Amino acid sequence: MKRRQWIQTASAGSVLGALGLFSGCATPGGAGPKVVVVGGGYGGATAAKYVRMWSDYGIDVTLVEPNAAFVSCPISNLVVGGSKTMADITTPYDNLTRRHGVKVVQDFVTQIDPDKRIVTLASGATLPYDRLIVSPGVDFMPGSAPGMAKPGAAEKVLHAWKAGPQTLALRQQLQAMPDGGVFAMNVPLAPYRCPPGPYERACQVAHYFSQAKPKSKVLILDENEDVTSKGPLFKKAWADRYKGIIEYRPRHKVIDVDAATNTFKFDFNDDVKASVVNYIPPMRAGDIAVKTGLATANQRWCEVNFLTFESVAVKNIHVLGDSIQIAPAMPKSGHMANQHGKTCAAAVVALLTGKEVNPLPIYNNTCYSFVSNQDVIHVASVHRYDADKKTMLTVPGSGGVSAAANALEGQYALAWARNIWADSLA
Amino acid sequence: MARPSPAWPPWPASPAAATVAKMQAYKSGALPATLMHQIAKGYSDEQIQAIAAYFAAQKN
């Protein structure tokens, strides 16, 4: 069936009728295989769409996502910096339903029963599955900064590391800050979601200060030994563009945050008090993955078979995106989660239809970072399955970074965003 | 579908040979690029053929 016919048929309101056109596929009674996807981010939304497409719309797919719309982490630092709006980074889920017949349920998964193969939702509803795709992103390590548990602390000291209401709230804190103030942000020890993201955020806030509050400062307090991604390019941007605005301090491990006084506390270094404090806690796999026993690496990240993304611990459950124990040199990024989604979708379709799983997956990653409101730097890599080591390895000779920040890649970065939103969600 | 961007146009449903030629030109460095030369170097000739065949089969 051509896509246009599919759209017309689906928009005529007969999604189930259209399914009947495929012999041997899911019937209105639901006799076909069932896939449930937990989480509608870059990994889960992509997997949901591609399981439908690559099964010729024969596999029944239900996507469970608590948010009403997709809000992108990539580009969200530009909302913090003021050059983009929340509307610019928000995409509805309805095209997954209208164009691809994905059943999108706005709810929250509270429990997974791997033996009965049933997912339970906060509403009390249950969903049976043949294969489950778990893509819940990251949650924060409990107890990392005890002071953040005090009443009101989490509303005052923001992470803004899951794009959404906190993105806008952090923007508003910066707008309310008087000129001459200090914005202090930490960087947790790697691995964490989006390796270059904190340094891009520092650039965006510094760009805003340089335009609107030139006496203000940005302080980066990094638990790592050095900048974890695109280091020379970021440091050049800080020296050339934001001299006297951005200060970078490595080897600063946050052990607590006092929200009442906007103070970071470290294991060895002196306290840092600031006008606006942005605390990005250490991360682990999404809570539902940990709770289900999928986080086999230090109770933190989920080990998977990289041919199928099936959990090494629990059969018939696949894990994608930021929740997985990454392969060497594999970033936790939206682009990478999108690639996980397609690789997993192809494997799930193969497993449910008795076909061979691709024995040599290959995919790539591109991370663009804005160092101003228009100039961008990238890091790119290609990752190929290594049958001996049973993991994904970067292909020798491939990949690299920008020669220098440039405006052409600023256009490409925004085009990348529009295209990956379309690929994952439309 | 998001509006196609002039900067990153959607890959056209072009004859496979055109895609292969372009990817090979990125791979060899003959075609200047910001990052496609870095990406193309990660793919074997057979994988580039497979990419081209996939895109050629898409109906836009």
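Which strand order and pairing does the open sheet of three strands in chain A have?

The open sheet of three strands runs in the order 6-7-8 in chain A, with antiparallel pairing. Strand 6 (109-113) and strand 8 (126-128) of chain A are the edges, each pairing on one side only. From one strand to the next, the twist averages 20°. Strands here are DSSP E runs of at least two residues, helices are H or I runs of at least four, and both are numbered from the N terminus. Two strands pair if DSSP finds at least two bridges between them. Strand 7 (residues 118-121) of chain A meets strand 8 of chain A over three antiparallel bridges, and Val119(A) has Leu127(A) of strand 8 as its bridge partner.

This is a predicted model, in which local features need pLDDT of at least 70 and side-chain atom pairs count only at pLDDT 80 or more, while totals for chains, interfaces and linings use all residues. Residues are numbered from 1 along each chain as its sequence is written, chains are lettered from A and ligands numbered from 1 in the order in which they are written, and side-chain values use heavy atoms, with hydrogens and water left out.

## Helices 7 and 8

The axes of helix 7 (residues 165-176) and helix 8 (residues 197-212) of chain A come within 11 Å and cross at roughly 35°. Axes are lines fitted to C-alpha atoms, for helices over the stretch in contact, with angles from 0 to 180 degrees between N-to-C directions. The crossing is right-handed, as the near helix is turned clockwise from the far one by less than a right angle.

On the helix 7 side, Leu170(A), Arg171(A), Leu174(A) and Gln175(A) meet Arg201(A), Val205(A), Tyr208(A) and Phe209(A) of helix 8. Contact means heavy atoms within 4.5 Å. The residues of this helix 7 and helix 8 contact divide into five nonpolar, one polar and two charged. Nonpolar covers Ala, Val, Leu, Ile, Met, Phe, Trp, Tyr, Cys and Pro; charged covers Asp, Glu, Lys and Arg; the others, Gly among them, are polar.

## Helix 9 and strand 13

Helix 9 (residues 231-241) of chain A has Gly231(A), Leu233(A), Phe234(A), Ala237(A) and Trp238(A) buried. Buried is under 20% relative accessible area, exposed is over 50%, and partly exposed is in between (1.4 Å probe, protein chains only). Those buried residues of helix 9 pack against several elements of chain A, including helix 8, strand 12 (217-222) and strand 13 (246-249).

Strand 13 of chain A pairs with strand 12 in the parallel sense over four bridges, with Tyr248(A) as the partner of Ile220(A). Ile246(A) and Tyr248(A) form the covered face of strand 13, while Glu247(A) and Arg249(A) form the uncovered one. In a regular strand the side chains alternate between the two faces of the sheet.

Asn186(A) sits in strand 11 (residues 182-187) of chain A and is buried, at 3% relative accessible area. A polar atom of the Asn186(A) side chain lies 2.6 Å from the backbone nitrogen of Ile280(A). Leaving out residues up to four places away in sequence, Asn186(A) touches Leu221(A), Val254(A), Phe264(A), Asn278(A), Tyr279(A) and Ile280(A).

Val254(A) also stands opposite Phe266(A) in strand 15. Strand 14 (residues 254-258) and strand 15 (residues 263-266) of chain A pair in the antiparallel sense over four bridges. In their hairpin, with four residues between the strands, Asn262(A) takes a positive phi near 55°. Phe264(A) has Val272(A) of strand 16 as its bridge partner, and five residues link strand 15 to strand 16 in a hairpin.

Note on methods: A polar contact is a pair of N or O atoms within 3.5 Å; within protein, one must be able to donate a hydrogen and the other to accept it, and residues adjacent in sequence count only if both atoms are side-chain atoms.
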